[in-house]
Amino acid sequence: MSPSIDKLDAARPPSAGALTKRILSAMILMPLVIAAVYQGGRAFAAMIAFAAVIMLFEWSRMVERRSFTNAFYALVLASALAMYFAASGAYDAALFCAAAGGLAGAWFAKRNSGIGVWSGFAAFYIIIPCIALIWLRLDAPSGRALSFLLYGVVWAADSGAFFFGKFIGGPKISYALSPSKTWAGIGGGVLGGCLVGAVFGAWAYGPAAALIYAAIGGVLGGASVLGDLFESGIKRYFGLKDISGFIPGHGGALDRLDGMIFATSAMTGGLLLYMLGERIQG
């Protein structure tokens, strides 16, 4: 059941020509993202910081039904500090800022609109994955290669889910979560991740690594489509189809990056566990 508050007047991309807009938006954004990932450093951190602000704006506007609230300002300030500390390698300070921002956002939102938990959740859902993205690119072993793998898998999973769901269709997953998403779409997302993972493994480490990286890509692709499904459930809870019209053909930044949030969390968690295992053994 949706909250008993007025629906947000969010911009929705028209159905006619949506695929064309989707492709054109990707053609514009993908080279910019690829360049930032390749460059790393401040350019990459600035891109993540910008994306975090847009996502926080969309999230706060969805949750509180108002723009530029005190909760939003608290979360943005916390995010800016967290991204600065993360780019400097001070990840403990970055995580502290994220936690403090979540508490402050929850307090302001509870005071102003009575929906504190949802506002504070943005620190966990948006800011911390953004910190993880910066760590993966700037400080994780083979960070550039892993970041390209992550972005490639998420893009392939998103495309695979879209085209399989559109052209194969079939049984729906859950109307309560999304009236349009199908099991075929889930399969297409996982398959897209497997293909990118296999190509990456064969290219980076030789044909023998293709199978293991296909499995890794499949896991990340599955996490990506689950992230998309999770956000669809949140949007339906708040009575929205798209959070905003920031990216033509894709909806808002959160609509576009929901899979990245889950895939980043999966890759970061897996890599940290692998590094911990190596440390224990060595």
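1. The bend at a residue is the angle between axes fitted to the seven residues ending there and the seven starting there. By that definition, helix α5 bends by about 25° at Ile 127, and Pro 129 follows within four residues. Helices (H or I, at least four residues) and strands (E, at least two) are DSSP runs, numbered from the N terminus.

2. The model is predicted: local features need pLDDT of at least 70, side-chain atom pairs count only at pLDDT 80 or more, and totals for chains, interfaces and linings use all residues. Residues are numbered from 1 along each chain as its sequence is written, and side-chain values use heavy atoms, with hydrogens and water left out.

3. The protein chain holds nine helices and two strands. From the N terminus on, the order of these elements is α-α-α-α-α-α-β-β-α-α-α.

4. Of the 282 residues in the protein chain, 48% are buried; buried means under 20% relative accessible area, exposed over 50%, and partly exposed in between (1.4 Å probe, protein chains only). Contact means heavy atoms within 4.5 Å. Among the contacts with a separation of 6 or more, 73% join residues 24 or more positions apart.

5. Helix α5 covers residues 116-138. Its 23 residues should span 33 Å at 1.5 Å a residue, and this agrees with its end C-alpha atoms, which are 33 Å apart; the expected span is 1.5 Å times one less than the number of residues. The helix is mostly covered, as 17 of its 23 residues are buried.

6. Helix α2 (residues 41-64) has 24 residues, which should span 34 Å at 1.5 Å a residue. Its end C-alpha atoms are 34 Å apart, in agreement. Arg 65 follows α2 with a positive phi, near 60°.

7. Ser 79 lies in helix α3 (residues 70-87). This serine counts as buried because its relative accessible area is 1%. Leaving aside residues up to four places away in sequence, Ser 79 touches Ala 52, Leu 56 and Ile 127. Ile 127 is also the residue at which α5 bends.

8. On the surface, Phe 163, Phe 164, Phe 167, Ile 168, Leu 191 and Leu 195 form a nonpolar patch with about 590 Å² of accessible area together. Helices α6 (143-167) and α7 (183-205) each supply at least two of the patch residues, and the largest share, three residues, comes from α6. Phe 164 belongs to α6 and counts as partly exposed because its relative accessibility is 30%.

Conventions. Patches are made of residues with over 30% relative accessible area and no salt bridge: like charges are joined within 9 Å, nonpolar side chains (Val, Leu, Ile, Met, Phe, Trp, Tyr) within 5 Å. Accessible areas come from the Shrake-Rupley method with a 1.4 Å probe; for residues, only the protein chains shown count as cover. A salt bridge is a side-chain nitrogen of Lys or Arg within 4 Å of a carboxyl oxygen of Asp or Glu.
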